[in-house]
Amino acid sequence: MAWIMVAVFALSVTIWYVTLEKTPTRLKLITGESGGLYYQVGDLLQGIWSEQTGAKLEVLTSSGTIANQKALLSHKADIAILQGGAVSLEGLSIIAPLYPELVHVIVRKESDIRTISDLENRQIVIGPQHSGMQESAMDILRYHGIEEDQFEARTSYFMDMETDPNIEA
């Protein structure tokens, strides 16, 4: 009878070991534009991942959150950095939040813009195409009754305000 218990235990351990999920030796992480914050976070994760697992983490660039979501759903990437609230997470799993993403509205010091509603008929940066920044900006503008045809959209990063005096917010 003891040999049956040993055999069952040995068979159980064998089945457990054979079906045990192993860490992949290579993963693709899709981030954002080269030089952007998501790319920088991905670059840091790459070093940590390699150090901790010995596996390769390939950091890919993209235009942002929307492109990252599509890459995950089409299996072109294994892991992605997404801006929370900017896209549907249906069909995806969340590993961990990296940091809270606050929305800031930046205007020039001498501007008469005081409220979101004041952005109507202005030249404003809403973020790069397919980015979470753009999705969030459009959600906020629509919430305040401002549609896409009621302002001049600049699809770039807010830092362009430093070099382009025509950008108002």
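**Charged pairs**

Author: Arginine 142 is partly exposed, with a relative accessible area of 35%, where buried means under 20%, exposed over 50% and partly exposed in between (1.4 Å probe, protein chains only). Before going on, note that the model is predicted, that local features need pLDDT of at least 70 and side-chain atom pairs 80 or more, and that totals for chains, interfaces and linings use all residues. Residues are numbered from 1 along each chain as its sequence is written, and side-chain values use heavy atoms, without hydrogens or water.

Reader: With which residue does arginine 142 form a salt bridge?

Author: Side chains of opposite charge can pair when their charged atoms come close. Here arginine 142 forms a salt bridge (a Lys or Arg side-chain nitrogen within 4 Å of an Asp or Glu carboxyl oxygen) with aspartate 139, and the closest N and O atoms are 3.6 Å apart. Aspartate 139, for its part, is partly exposed, at 39% relative accessible area.

Reader: Where do arginine 142 and aspartate 139 lie?

Author: An α-helix has 3.6 residues a turn, so residues three or four places apart point the same way. Arginine 142 and aspartate 139 both lie in helix α4, three residues apart, which is about one turn of the helix; helices (H or I, at least four residues) and strands (E, at least two) are DSSP runs, numbered from the N terminus.

Reader: How many salt bridges does the structure hold, and which residues are linked in a network of them?

Author: The structure holds six salt bridges, and Asp112, Arg122 and Glu168 are linked in a network of them. Aspartate 112 forms a salt bridge with arginine 122, the closest N and O atoms being 2.8 Å apart. That pair links distant parts of the chain, ten residues apart, although aspartate 112 and arginine 122 are each placed in the loop between β3 and β4. Aspartate 112 is exposed, at 53% relative accessible area, whereas arginine 122 is buried, at 17%.

Reader: What about arginine 154: with which residue does it form a salt bridge?

Author: Arginine 154 forms a salt bridge with aspartate 164, and their closest N and O atoms are 2.6 Å apart. Because arginine 154 lies in strand β5 (residues 152–154) and aspartate 164 in the segment after β5, the pair ties together parts that are ten residues apart in sequence. Arginine 154 is partly exposed, at 23% relative accessible area, while aspartate 164 counts as buried, at 16%.

Reader: In what order do the strands of the open sheet stand?

Author: Two strands pair if DSSP finds at least two bridges between them. Three strands form an open sheet in the order β2-β1-β3, with parallel pairing. β2 (56–60) and β3 stand at the edges with a single partner strand each, so one side of each is left without a neighbour in the sheet. Between β1 and β2 there are five bridges, and leucine 29 has valine 59 in β2 as its bridge partner.

Reader: Which residues of helix α3 are buried, and what covers them?

Author: In helix α3 (residues 65–73), the buried residues are Thr65, Ile66, Asn68, Gln69, Ala71 and Leu72. Their cover includes β1 (26–30), α2 (37–53), β3 (79–80) and α4 (132–143). Thr65 and Ile66 are among the residues that serine 131 touches (heavy atoms within 4.5 Å), and serine 131 itself counts as buried, at 7% relative accessibility. Serine 131 is found in the loop between β4 and α4. Just after α3, histidine 75 takes a positive phi of about 65°.
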